[in-house]
Amino acid sequence: MARPIIVSTNVADKLSDVVAYLKDDLKLSQEAAWKYRDRFLDFIRTFSAEVDHPLCRFKKWCELGYRCAVFEKEWIIAYEIADKGIIVQDMSNTALLKE
């Protein structure tokens, strides 16, 4: 049975920033930036299946009980499993996280 996915405002804002970065700084077309965002969201939707990623190895997120998934080797997505579904709480570029 699929679990509902809830994306926090924090993650939605960060994903919007990524799209803006792709368009403004990397000079990708709006269409290419939106396709990247769509792939990102499609990946998050896979969390609704009965598949659980391991607890995060990053101390701050591990202490919060978050599980982590890697998107395209560049992004770590932190989520928690709650009674109401999967809550995607945070995301970070892999280069910015430390153990």
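In the predicted model, strand 3 (residues 75-82) and strand 4 (residues 85-93) run antiparallel and are joined by eight bridges. The two strands form a hairpin with two residues between strand 3 and strand 4.

R67 has Y79 of strand 3 as its bridge partner. Strand 2 and strand 3 also form a hairpin, here with three residues between them, and E72 in the turn adopts a positive phi of about 50°.

Taken as a whole, the four strands make up an open sheet in the order 1-4-3-2, with mixed pairing. Because strand 1 (5-7) and strand 2 each have a single partner strand, they stand at the edges, and one side of each is left without a neighbour in the sheet. From one strand to the next, the twist averages 30°.

Helix 1 lies across strand 1, strand 3 and strand 4, and runs at about 40° to strand 4, whereas helix 2 lies across strand 1, strand 2, strand 3 and strand 4, running at about 145° to strand 2.

Together with Y21 and L28, L26 forms a nonpolar patch on the surface, the three residues having about 270 Å² of accessible area together.

Note on methods
Residues numbered from 1 in each chain as written. Predicted model: local features only at pLDDT ≥ 70, side-chain atom pairs only at ≥ 80, totals over all residues. Heavy atoms only, no water. Pairing = 2+ DSSP bridges. Patch = residues over 30% accessible without salt bridge, like charges linked within 9 Å, V, L, I, M, F, W, Y side chains within 5 Å. Areas by Shrake-Rupley, 256 points an atom, 1.4 Å probe, with all protein chains shown as cover. Salt bridge = Lys/Arg side-chain N within 4 Å of Asp/Glu carboxyl O. Axes fitted to C-alpha atoms, helices over the stretch in contact; angles between N-to-C directions. Contact = heavy atoms within 4.5 Å.
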